[in-house]
Amino acid sequence: MTLAPPLLEVRELSANYGRVMALKPVSLTVAEGELVTVLGPNGAGKTTMLRAITRLVNAKGQVLFKGQDVSRLATHELATRGIIMVQEGRGLFAQMSIRENLVLGAYTLGNAGQESERRLAEVFTLFPRLKERVDQIAGSLSGGEQQMLAVGRALMAGPKLLMLDEPSLGLAPKVAANILETLGELNRRGLGILLVEQKAPLALKLARRAYVITLGRIAAELQANEIKSHHDLAKYYLH
Amino acid sequence: MTLPSTISTSAPRWRLTPIQIAGALAGVALLAIVFVNGGYFVTVIGFAAIYGIFCTGLNFFMGYTGQASFGQNAFAALGGYGTAILCAGQGWQPIVALPATMVISGLIAVVIGYPTLRLRGHYLAMATFALGLITYELSIEWIDLTQGYMGYAGIPPLGIGKYELTGDRQQLVVLVIVLLLGVWIANRLRNSRFGRALRAIAGSEAAANALGIDIARYKLAAFVVAAVYASVAGSLFAHFIGFISPEVFGLSMVTLSFTMLYLGGIGTIWGPIIGAVIVSMLPEAFRGLKELQDIAYAAVLILILIFFPKGLAALPGMLWRRRNESKAEGAP
């Protein structure tokens, strides 16, 4: 009996900004239906790692998705395979309405109207606030609503792997907790998630495993509940 | 988990506000006055219609896709000189030459756009500016083909077979029909999946890319669409006036079209037409001021841009919102 390959496998992935090596060769995996979190201080290389996986920056190394090498694919081709990223700062189309943003999320579907409607209904079930304001311009929403829209738009794309870059950034604690709780719910339904997050206590509640990145390299990989036993990490990330 | 949803992915139905209806009626009234009176104003509104077509294409690339191009005049020159060479030089029928020049311009746009559109921001603007300058120089120096500074004369008016539109009024009708057809096509494209992808690129290239939109392909497509519109405008100019020279498609075309686009409302459907009509008519309206004409013209342009930074096309929406707000405040 052969084991199924991981949903995502990153092997020795590195990226440079000019002469600066922002990401030294890193390797990580995300299994099917697993929620993995990546922790680390500002400037550690977390965002670069996500951007390298999705080819938004030039990178060396290998990325395997469901056992297939996708290292040579362009960003938009990765999206058609089901690798969807919610970027830091949300990347919303500020001049468009909630509806238009969500419709664009389902871009890879083509003109499959019924499937698009079905996904829209699912997003509105998760985030009823978006349904109430469906024709409001995205740029006029509160930070929390914008983050809901960013996650909702990513879900419209029908992701097999959802990668999020600090979704709680700039949000009130309660709003951030709600967003992360929704991610937990999506994971319980079987969605693989790679979560880069500053609010470590919240992320560690949801995650099965955690990677710690410092200075562009992975400093530790551990089960989420193990972090308490690592005195230095617990001191840094749990307080 | 799927719940029935009363909200659809399609956009809400488009409704005309009274102010928009008034604007449309004003446009029809203007055309009627020009048509009845004839004369020089037919030429002025004819120019406005041609520039309206040019700016509608430019709006596609700059307004919807959020890219900069200072070189669309190159494609207008291709259309104009293509028409002159094919119709006056080779004796082609205008009805055949027009689509031929559109195809040629589109193909050249693909060849030029493919490497050029890898650039962004100021670099793209400079590269397209260079494209316009190179075309201008070619139209001067390649005398065997373009007749240089002397210009190309004897271009026949639009027509089919032996039937030619010799009258100004007849030509104006055709120009307005082509303009409205161009706006209709642009509006259909804007609201299609293709148009939504372009507007996503204008909003955030990285986000659009991450959602599966092939940025390079769509930018190139928008560039080609804009080039084809510019080519049509150049061809129609050649047929309308019967003569072209390098100056027609020079730098003044770039500055004039930018003024029209921003004054009318970049990124809006009707903005290019409103801008083209206003910018074409203002100098005529101030003709009586003699040496102060240019100053008055510039002052009005500046005032419009200060008070309506989103362009005149945004004015109806602004007034309508204000009316609704004051209604809401007055409600018990």
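Predicted model: local features only at pLDDT ≥ 70, side-chain atom pairs only at ≥ 80, totals over all residues.
Residues are numbered from 1 along each chain as its sequence is written, and chains are lettered from A and ligands numbered from 1 in the order in which they are written.

Me: Which residue of β7(A) is the bridge partner of Met85(A)?
Reply: β6(A) and strand β7 (residues 161–165) of chain A run parallel and are joined by four bridges. Within this pairing, the partner of Met85(A) is Met163(A).

Me: How many residues of β8(A) are buried?
Reply: A residue is buried if 20 or more other C-beta atoms, placed from the backbone, lie within 10 Å of its own; it is exposed if 12 or fewer do, and partly exposed in between. Gly192(A), Leu194(A) and Val196(A) point one way from β8(A), Ile193(A) and Leu195(A) point the other way, and all are buried. The count for β8(A) is therefore five of its five residues.

Me: Which residue of β8(A) stands opposite Val38(A)?
Reply: Strand β3 (residues 35–39) of chain A pairs with strand β8 (residues 192–196) of chain A in the parallel sense, over four bridges. Leu35(A) stands opposite Ile193(A). Opposite Val38(A) stands Val196(A).

Me: Which residue of β8(A) is the bridge partner of Leu164(A)?
Reply: β7(A) and β8(A) run parallel, and five bridges join them. The bridge partner of Leu164(A) is Leu195(A).

Me: Which strands stand at the edges of the open sheet of four strands in chain A?
Reply: This sheet has the order β2-β1-β4-β5, with antiparallel pairing. Each edge strand has a single partner strand, so one side of each is left without a neighbour in the sheet. These strands are β2 (20–30) and β5 (68–69) of chain A.

Me: Is Ala15(A) buried or exposed?
Reply: Ala15(A) lies in strand β1 of chain A. Residues are in contact if their C-beta atoms, placed from the backbone, lie within 7 Å; beyond four places in sequence, Ala15(A) touches residues including Ala22(A), Leu23(A) and Thr48(A). Because 24 other C-beta atoms lie within 10 Å, Ala15(A) is buried.

Me: Which element gives the largest share of the side of chain A that touches chain B?
Reply: The contact takes 34 residues from chain A and 24 residues from chain B. On the side of chain A, the elements giving two or more residues are α2 (75–81), β6 (83–86), α3 (98–105) and α4 (113–126). The largest share, nine residues, comes from α4(A).

Me: At roughly what angle do the axes of helix α2 and helix α12 of chain B cross?
Reply: Axes are lines fitted to C-alpha atoms, for helices over the stretch in contact, and angles run from 0 to 180 degrees between N-to-C directions. Helix α2 (residues 40–64) and helix α12 (residues 271–285) of chain B have axes that come within 8 Å. Among the residues that meet are Val44(B) and Phe47(B) in α2(B), and Ile273(B) and Met281(B) in α12(B). The axes cross at roughly 145 degrees.

Me: What is the radius of gyration of chain B?
Reply: The radius of gyration is taken over C-alpha atoms, and the globule rule is 2.2 Å times the number of residues to the power 0.38. The C-alpha atoms of chain B fill a box of roughly 70 × 50 × 40 Å along the principal axes. With 332 residues, a compact globule would have a radius near 20 Å, which agrees with the value for chain B, 21 Å.

Me: How many helices and strands does chain B have?
Reply: Buried residues make up 42% of the 332 residues in chain B. The secondary structure of chain B comes to 14 helices and four strands.

Technical notes. Contact = placed C-beta atoms within 7 Å. Pairing = 2+ DSSP bridges.
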